[in-house]
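This report covers a protein model with two ligands. Please read it alongside the coordinates.

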Amino acid sequence: MPEIEKYGAASGSEAAGIPAPEGAGRRMYVKSFGCQMNVYDAQRMADILAREGFTRTDLPEDADLIVVNTCHIRERAAEKLFSELGKLRALKAMRAAQKKETKLVVAGCVAQAEGAEIYRRQKAVDAVVGPQSYHRLPQILQQANSGMFIADTEFPIESKFDFLPPPSPGQIRARGVSAVVTVQEGCDKFCTFCVVPYTRGAEASRPVESIIAEVEALAAAGVREVTLLGQNVNAYHGAAKGGPAVSLAGLCERISKVPGIARIRYTTSHPGDMDSNLIAAHRSLRSLMPYLHLPVQSGSDKILGAMNRRHKRKDYIELATNIRAARPDIALSSDFIVGFPGESEEDFEATMDLAAAVGFANAYSFKYSPRPGTPAASLPRQIPEAVKAERLLRLQALLYEQQRAFNAKMVGRTVEVLVEKRGRHPGQIVGKSPYLQPVQMEGRPERIGQIVRAEIISSGAHSLFARLLPGEASNEAFP
Ligand code: 5AD
Ligand code: SF4
């Protein structure tokens, strides 16, 4: 099937015959689902569209252009999308009755996976654009304006990063002091439960200089923390001018030299790509934050094998030990899947046991859910829903208790907090500890963007409450 498909003028289009508004003043509504990379992609799409004269609106009914940035990890992702598109079709019809045209674009991983099928099922959609093609949005919209339906789900030769406009300082400031930057995309690991290798394509790293330029622009507009994103971020190996490829450890070192950047984080990592340089960077780089999201998925070697995870239980436990030797206070976080096909009670116990042995500050746990097109979906011995639900409850009780205990241990300590925004109540500000815990305290909004010292006075399962101490911390320091 060709990857770019075009259909003739949509005869069923409610907007047929209504001239598109010209020039500036058009409004866009961008709705994003799923992971942080989708949040980043949605921001970059908005940057491109801003150049085309679109301003943002939070009200879909006011929008001349609606972009739905989809996530394929969600359970029944395609069904949920079609139900949303049904509502947007009604909205489009309502606006058409007021002589207002609305273009509807579906982007993201469901767009990639379903392609032109989306238009076949919902004719109100004007264009479908995959995650590797959104730099072509202006051309895609132009074609859509001439009444064509466009599905662009290619994995183009050119990198979208070479075509994306840098966000303006104003756009950056509106997004706050902590920013995400995609440095790597795609995955070659092919875990048998996962759609990412199919939706995001083969692993690819952005060149170092392009990332540094983006981080410098962020820092110049007041960003103090960057989170480097990639589906398999620690497989990063970016080209650098006049030298060999740079690893994630090397990239973090380069970013740590950008004036203004006080904190670096990265996510998501595969245990198999956690090399000794990266572990050493957690010891030597002050700005590399002591928090690591390192999914294990299961504690049973049999299940890890069936998942094609390419690491064993023992490897993960050793890795956690080595990372803690480099940075003893590091907060480890993980993803777990329970009820993978063939998971016995004994296999599940091995997962509980691994969680207890490693100890996590944070975790995300899921019931296995078959994703169409992935190898595990057609494995025999699928686990009954009730068994999955019961196992998930047991695992989550343990992980919740670990998280609560990790937070409770902070009480009485002084930590450095990057203040991000005003709190929910007047006079309050909120920031993050080095361990990614939200910290709430009384304080003036001028503190936003500063790294302050705060004494933790109490803790909950998800956040900490603190007393602001005088002065500003010069930079992060080891506790
Ligand atoms: N079923 C359940 N959880 C899944 N994840 C990915 N695919 C599936 C699936 N088919 C979880 C994994 C991954 C996280 C982002 O989502 O734990 O690390
Ligand atoms: Fe999916 Fe992560 Fe496995 Fe890649 S490493 S296939 S993104 S779960």
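The model is predicted: local features need pLDDT of at least 70, side-chain atom pairs count only at pLDDT 80 or more, and totals for chains, interfaces and linings use all residues. Residues are numbered from 1 along each chain as its sequence is written, chains are lettered from A and ligands numbered from 1 in the order in which they are written, and side-chain values use heavy atoms, with hydrogens and water left out.

**Ligand 1.** The shell around ligand 1 consists of Phe 193, Gln 297, Asp 335, Ile 337, Phe 366, Lys 367, Tyr 368, Ser 369 and Arg 371; a residue belongs to a shell if one of its heavy atoms lies within 4 Å of the ligand. By class there are four nonpolar, two polar and three charged residues. Ala, Val, Leu, Ile, Met, Phe, Trp, Tyr, Cys and Pro count as nonpolar, Asp, Glu, Lys and Arg as charged, and the others, Gly among them, as polar. Strands S16 (331-338) and S17 (362-367) each supply at least two residues of this shell; strands (E, at least two residues) and helices (H or I, at least four) are DSSP runs numbered from the N terminus.

The table lists polar contacts, meaning pairs of N or O atoms within 3.5 Å; within protein, one must be able to donate a hydrogen and the other to accept it, and residues adjacent in sequence count only if both atoms are side-chain atoms.

| Pair | Distance |
|---|---|
| Phe 193 backbone N or O, ligand 1 nitrogen | 3.1 Å |
| Asp 335 polar side-chain atom, ligand 1 oxygen | 2.6 Å |
| Ser 369 polar backbone atom, ligand 1 nitrogen | 2.8 Å |
| Arg 206 side chain, Tyr 40 side chain | 3.4 Å |
| Arg 206 side chain, Glu 214 side chain | 2.9 Å |

**Ligand 2.** Around ligand 2 are Cys 187, Lys 189, Phe 190, Cys 191, Phe 193, Cys 194, Val 196, Pro 197, His 270 and Arg 309. This shell divides into seven nonpolar, one polar and two charged residues.

**Arg 206.** Arg 206 sits in the loop between strand S10 (204-205) and H8. Its relative accessibility is 4%, so Arg 206 counts as buried (under 20% relative accessible area, 1.4 Å probe, protein chains only). Beyond four places in sequence, Arg 206 touches residues including Phe 161, Val 181, Ile 211 and Tyr 236, where contact means heavy atoms within 4.5 Å.

**Helix H9.** In H9 (residues 248-256), the buried residues are Leu 248, Ala 249, Leu 251, Cys 252 and Ile 255. Viewed down the axis of H9, they fall within an arc of 160 degrees, so they line one face of the helix; the arc is that of the directions from the helix axis to the C-beta atoms. Their cover includes helices H8 (208-220) and H10 (276-284) and strands S11 (225-229), S13 (243-247) and S14 (263-267).

Notes: Buried means under 20% relative accessible area, exposed over 50%, partly exposed in between (1.4 Å probe, protein chains only).
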